[in-house]
Structure formats: structure tokens, C-alpha cells
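Here is a short report on one protein chain. Look over the sequence and the model before reading on.

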Amino acid sequence: MIKDIPTSEEFDSAAKAQFDFAWDIVISFLLTLEEAKGYADVEDEKAFWETARQRILTSLIITQQGVELAIKGKLVTISPYLLISGNHSDWPKDNDGTGVSFSEFRAIDAQDLVRVHDTVHEKKLDSGFSILFERLRKLRNKAMHTVDKELNVSAQDVVTILLDVHEYLYTDENFVSTRRDFLNNSAATHVFFDTDHVEGLVAKEFLIVFSFLTPVETLRFFKIDRKQRLYLCPECKYESEKYDPIEPRYAVLRPNEPDSEHLFCFVCDSLHPVERRDCPGEECPGNVISVEYDVCCTC
């Protein structure tokens with residue numbers, strides 16, 4: 001008898017935990033460098049990233065582990081036994097009659113996951129994902145098995161990869177919401193009982209990320225067209241005051257019309273009502289005023 005058979009939900013939970021762990025590592029470096037702006041010069045920044053190099057590679061390894069777990073979760077929806085590899089003669093024995101734990105069996109190799117998935121699932125994984133998976137798997141192997149000094153992966157690279165694989169694997173889910181949930185349920189909340197800072201932290205993290213993503217990437221990951229005029233999200237600005245004041249200029253009018261009465265913010269994942277009247281500020285040409293917070297979303 002085989003016992004302790006995992007479920008797809010358990011694999012999904014484990015995969016997302018790995019993604020969040022990898023995100024934690026790289027975003028911490030990006031936040032630190034953001035705070036150091038103004039007094040860290042080019043040489044300081046170069047030394048900073050050199051010191052962070054190994055941890056960034058570790059975050060890449062963790063990301064790949066998360067991807068493998070996510071694909072395994074999709075295989076388990078068909079049958080958990082698709083994850084078992086090797087000859088039957090090599091299977092572990094039930095020596096005491098209590099059953100053999102599923103985890104004792106040899107697991108399918110990572111390089112076979114996409115092929116097996118596409119064989120048993122009616123809807124195959126996107127070809128773009130397959131290319132990304134193979135690239136990520138090879139980078140992970142280099143990071144784990146060599147000390148190649150030419151292997152350079154930036155924190156920005158890892159962030160983009162995380163957003164990319166999440167978009168492929170969990171198309172109907174919002175990565176920002178997933179990140180927010182992890183922060184609201186982090187280990188620290190069980191001893192400090194305080195999550196007031198979470199919304200402000202999430203806003204700051206994704207403002208940094210938004211600043212270096214390409215227009216194509218912001219449209220793909222956040223549904224924000226950079227060709228539109230960007231406005232301050234009134235809610236993110238209010239929440240950031242509790243953590244670290246920022247200028248969260250990443251909201252857009254939706255629909256993008258001259259008389260539109262709503263701002264969409266991908267961090268809040270919601271529409272904010274606005275009134276189209278002139279800003280009282282003498283030098284501000286804006287006419288988008290938050291109904292909820294009574295502040296100008298231009299200045």
C-alpha cells in the first residue's frame with residue numbers, strides 16, 4: 001500500500017511558498033538599494049551586487065524548485081502516480097506492513113515534467129513556458145553544480161522570471177495578491193500581531209518592480225499600458241504613509257477616456273472613483289481627484 005499521497009493543492013501551496021521565498025530574497029536587495037539612493041555611488045552599487053550574487057543565484061534555484069512543484073501539482077490532478085519513476089523492481093518495500101510513503105519512491109526527473117504534462121493534459125503548456133522552463137532548468141543546474149564566475153543573474157532577472165512563470169502557471173491568479181497574502185500570514189504576524197505595514201510594503205515593492213519592467217512586461221503582468229498617462233493611486237499613497245511614504249504613480253484611467261471616472265490600480269487590483277475637476281494646486285494641471293481620499297491623483 002502506498003500512503004501519504006500528495007494532493008495538487010499541497011503542491012500548489014509548496015510551489016507558491018518557494019516563489020515567495022525567492023521573491024523575498026531579491027526584493028530585499030532592491031529595497032535596500034532604493035533606500036541607499038543619494039549616497040551610494042557606482043562603485044558602492046557594484047560591490048553591493050557582487051556581495052549579493054550568491055544569494056541571488058540561490059533565489060533562482062528556489063524559483064526553479066517552485067516551478068517543478070507547480071507542474072507536479074498539475075500532474076497530480078490526473079494521477080499522483082505519474083510522479084513515480086524507475087523500474088518496479090526498484091520500488092521501496094513495505095517491510096512492516098504499514099505501507100510505503102509516497103515520498104520514498106523515486107520521482108520523475110525535472111527534464112521530463114513538461115513532456116509528461118503535455119502528454120496527459122488536453123491543454124498543453126505554452127511553448128513560451130517550455131522555452132523558459134528549459135532555460136531556467138539549465139541556469140539552476142549551473143548555479144548548483146558549478147562555481148562559474150561568468151554566471152550572472154540579476155535580482156531584476158529573477159523578479160521577471162517569477163512574474164513570468166506565475167503568469168504561465170497561474171494565469172487566473174494575481175501575483176500581487178499572492179504576495180500580499182504571504183506577508184499577511186508571515187511567521188512574524190504570529191508574534192507581533194501587526195499587519196498595518198503590509199499594504200504600504202506591497203506598494204513599495206511593486207513600485208520598484210514597475211519602474212524597471214518594460215512596457216510589454218507591465219502590460220502582460222499587470223495589465224497596465226505604459227502609453228497611458230500614469231496617476232498616483234490614492235489608496236496606495238495613503239497606505240504607504242503607514243510604512244514608508246512613496247509616490248505610487250502606476251494607476252491608469254479605466255476606460256482611457258477624457259471623462260473617465262475611475263482609476264485602475266494593479267496593486268490594489270481595484271477601481272477607485274475619481275471626480276473630474278481641476279486640482280486646487282496652482283501649478284498642477286491635473287483634473288483627476290480621488291472621491292475616497294479627496295486628493296489630486298496627478299500631483
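Is Asp164 buried or exposed? Asp164 is buried, because its relative accessible area is 18% and buried means under 20% relative accessible area, exposed over 50%, and partly exposed in between (1.4 Å probe, protein chains only).

## Basis of the model

This is a predicted model, in which local features need pLDDT of at least 70, side-chain atom pairs count only at pLDDT 80 or more, and totals for chains, interfaces and linings use all residues. Residues are numbered from 1 along each chain as its sequence is written, and side-chain values use heavy atoms, leaving out hydrogens and water.

## The chain as a whole

Ten helices and seven strands make up the list of elements in the chain. Helices (H or I, at least four residues) and strands (E, at least two) are DSSP runs, numbered from the N terminus. The C-alpha trace spans about 80 × 45 × 45 Å along its principal axes. Of the 299 residues, 45% are buried.

Contact means heavy atoms within 4.5 Å. Among the contacts with a separation of 6 or more, 60% come from residues 24 or more positions apart. The chain exposes about 16500 Å², and carbon and sulfur atoms supply 50% of that area. Accessible areas come from the Shrake-Rupley method with a 1.4 Å probe; for residues, only the protein chains shown count as cover.

The chain carries 33 positive and 53 negative charges, and their mean positions are 6 Å apart. Lys and Arg count as positive, Asp and Glu as negative; His and the chain ends are not counted. Each charge is placed at NZ of Lys, CZ of Arg, CG of Asp or CD of Glu.

## Helix packing

Helix H2 (residues 42-76) meets helix H5 (residues 155-169): their axes come within 9 Å and cross at roughly 10°. H2 is therefore roughly parallel to H5, since angles under 35 degrees count as roughly parallel, over 145 as roughly antiparallel, 65 to 115 as roughly perpendicular and the rest as oblique. On the H2 side, the contact residues include Trp49, Ile56, Leu60, Val67 and Lys74. On the H5 side, they include Val158, Ile161, Leu162 and Val165. Axes are lines fitted to C-alpha atoms, for helices over the stretch in contact, and angles run from 0 to 180 degrees between N-to-C directions.

Helix H3 (residues 113-120) has the buried residues Leu113, Val114, Val116, His117 and Asp118. These pack against H2 and helix H4 (127-145).

## Two residues in helices

Asp164 sits in helix H5. Leaving aside residues up to four places away in sequence, Asp164 touches Leu132, Arg220 and Phe221.

Phe182 belongs to helix H6 (residues 175-184). Phe182 counts as partly exposed, because its relative accessibility is 26%. Lys16 is 166 residues from Phe182 along the chain, yet their C-alpha atoms are separated by 9.2 Å.

## Backbone exceptions

Most residues other than glycine have a negative phi, and most peptide bonds are trans. The bond from Arg254 to Pro255 is cis, with omega near -5°. Pro255 is in the loop between strand E4 (249-253) and strand E5 (262-265).

Lys223 has a positive phi, near 60°. Lys223 is in the loop between helix H9 (215-222) and strand E3 (231-232), and is partly exposed at 43% relative accessible area. Asp294 also has a positive phi, near 55°. Asp294 follows strand E7 (289-290) and is exposed at 55%.
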